[in-house]
Amino acid sequence: MEQGAFDGVRVVELAQWVFVPVAGALLADWGADVIRIERLDGDPYRGLATQGIGTDRGGPNLSVALANRGKRSVAVDLREEAGLAVLHELLATADVLLTSLRPGALARLGLAQQTLRDRYPRLIYARGNGFGVRGPDADQPGYDSSAFWSRGGLAYLLTPGERDYPISQRGAMGDRNGAVALAFGIASALLKRTRTGVGSVVDVSLLGIALSTLSSDLLVALNGAAPEPASGRGPQINPLTATYRTSDDRHIQLMFLQGDRYWGDFCRLIDRPELITDERFADLAARRAHSAACIAELDAEFARRTFAEWKRLLSKLDAPWAPVQSMAEIVTDPQVVANGYVGEVELEDGRTYRFPRVPVQFDEQPPELRRAPEHGEHTESVLLELGYDWDRITALKSAGVVP
């Protein structure tokens with residue numbers, strides 16, 4: 001394997017579930033030595049059954065594997081003084097502490113940010129949380145469905161008004177977006193340290209990620225207006241940025257933001273040249289003024305052909321459009337395959353499984369995917385690296401500090 005961008009960087013990860021562990025996985029993809037600190041009974045995410053990819057799968061827990069690929073796992077009881085001493089010995093060798101623990105829990109363990117910054121001035125102290133580290137809800141537990149999707153406004157804005165309940169988000173959407181931002185923050189702090197010699201505190205919250213995701217709508221709200229929730233096909237201001245239904249009840253998304261640039265070629269492509277000279281549709285302003293009539297014309301046209309026929313036809317047009325695809329179609333999409341966006345992990349026993357790669361590539365290559373560790377798999381080897389002998393390790397086992 002070629003040298004990774006984070007080779008030589010050690011990350012101590014004190015986190016559970018998805019958001020913060022995925023940030024660790026992104027760093028591990030590019031060479032960081034990420035050491036997970038797990039409770040003696042393990043990350044509760046290991047026990048989650050979900051969609052046939054967790055403990056309900058009957059094989060490797062793919063949910064856990066995706067969030068923890070390429071790491072090492074150390075199981076230790078941090079409530080014991082000897083266990084906390086192990087953590088501090090690791091922190092003395094670390095570049096980054098990556099944690100999802102809330103401020104109160106960190107303080108009770110003696111791991112408050114100022115305490116650790118005083119003790120390890122080069123350490124980057126990176127926190128992922130639900131609602132930020134200040135304010136009345138700093139210690140409130142937060143998951144992506146609550147802190148990101150619900151409180152952050154996405155559930156409200158993406159739910160059509162005719163529904164009785166907000167739509168549900170897909171799994172870990174906020175978590176994975178937040179993880180990318182947190183990994184970016186850590187990378188930035190590492191770069192800053194090369195110039196200053198001092199570590200930084202990096203914070204990312206799921207609530208903050210929601211606001212960033214909805215920046216366009218937030219700008220509207222900040223200027224005194226009220227962004228409207230989604231409804232049906234959405235605003236029909238520009239008929240050339242709408243979604244259309246095909247004859248076999250599939251959908252095509254047009255995204256001709258520069259409508260005047262593409263209108264003529266599109267009309268000729270669908271064999272409707274008369275629409276080019278129709279005064280109602282002559283330019284962007286006219287199509288906006290007569291959007292209902294323009295959409296009606298295009299609705300009729302799209303209803304004449306199947307999904308497959310439209311894909312073949314539109315492939316001849318150098319313009320932005322896309323088929324609305326199912327997940328089954330996405331995993332075999334030629335662009336997904338050609339760019340290596342899905343990779344394969346091979347286990348020691350020869351079994352394999354696939355999952356999505358990190359969405360960043362260096363020199364046109366994705367990183368090699370590695371398996372996730374079993375619970376506490378590397379406890380003994382990491383202790384040996386720290387200078388523990390077998391007598392000390394055995395004593396920790398006897399005291400119930402490590403498994």
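This is a predicted model: local features need pLDDT of at least 70, side-chain atom pairs count only at pLDDT 80 or more; totals for chains, interfaces and linings use all residues.
Student: Which residues have the most contacts inside the largest nonpolar core?

Tutor: Start with the general idea: in soluble globular proteins, nonpolar side chains tend to be buried together. In this model the largest nonpolar core has 43 residues, and Val-11, Val-96, Leu-98, Leu-182 and Ile-186 have the most contacts inside it. Helix α1, residues 19-29, gives the most to this core, with 7 residues. Apart from this core lies another one, of 29 residues, including Leu-84, Leu-111, Tyr-120 and Leu-396.

Student: With what is Val-96 in contact, leaving aside its neighbours within four places in sequence?

Tutor: The partners of Val-96 are Arg-10, Val-11, Val-12, Leu-123, Ile-124, Ala-126, Ile-186 and Leu-190.

Student: Is Thr-246 buried or exposed?

Tutor: A residue counts as buried under 20% relative accessible area. Thr-246 is buried because its relative accessible area is 3%. Thr-246 sits in the loop between β7 (243-245) and β8 (251-254). Its side chain makes a polar contact of 2.5 Å with the side chain of Asp-248. Beyond four places in sequence, Thr-246 is in contact with Ile-252, Phe-302, Ala-303, Arg-305, Thr-306, Phe-307 and Trp-310.

Student: Which residue caps the N-terminal end of helix α19?

Tutor: Asp-389 caps that end of α19, which covers residues 390-398. A side-chain oxygen of Asp-389 lies 3.2 Å from the backbone nitrogen of Asp-391.

Student: What is the phi of Gly-400, which follows α19?

Tutor: The phi of Gly-400 is positive, near 75°.

Definitions and conventions: Residues are numbered from 1 along each chain as its sequence is written. Side-chain values use heavy atoms; hydrogens and water are left out. A nonpolar core is a set of buried Ala, Val, Leu, Ile, Met, Phe, Trp, Tyr and Cys residues joined through side-chain atoms within 4.5 Å. Buried means under 20% relative accessible area, exposed over 50%, partly exposed in between (1.4 Å probe, protein chains only). Helices (H or I, at least four residues) and strands (E, at least two) are DSSP runs, numbered from the N terminus. Contact means heavy atoms within 4.5 Å. A polar contact is a pair of N or O atoms within 3.5 Å; within protein, one must be able to donate a hydrogen and the other to accept it, and residues adjacent in sequence count only if both atoms are side-chain atoms.
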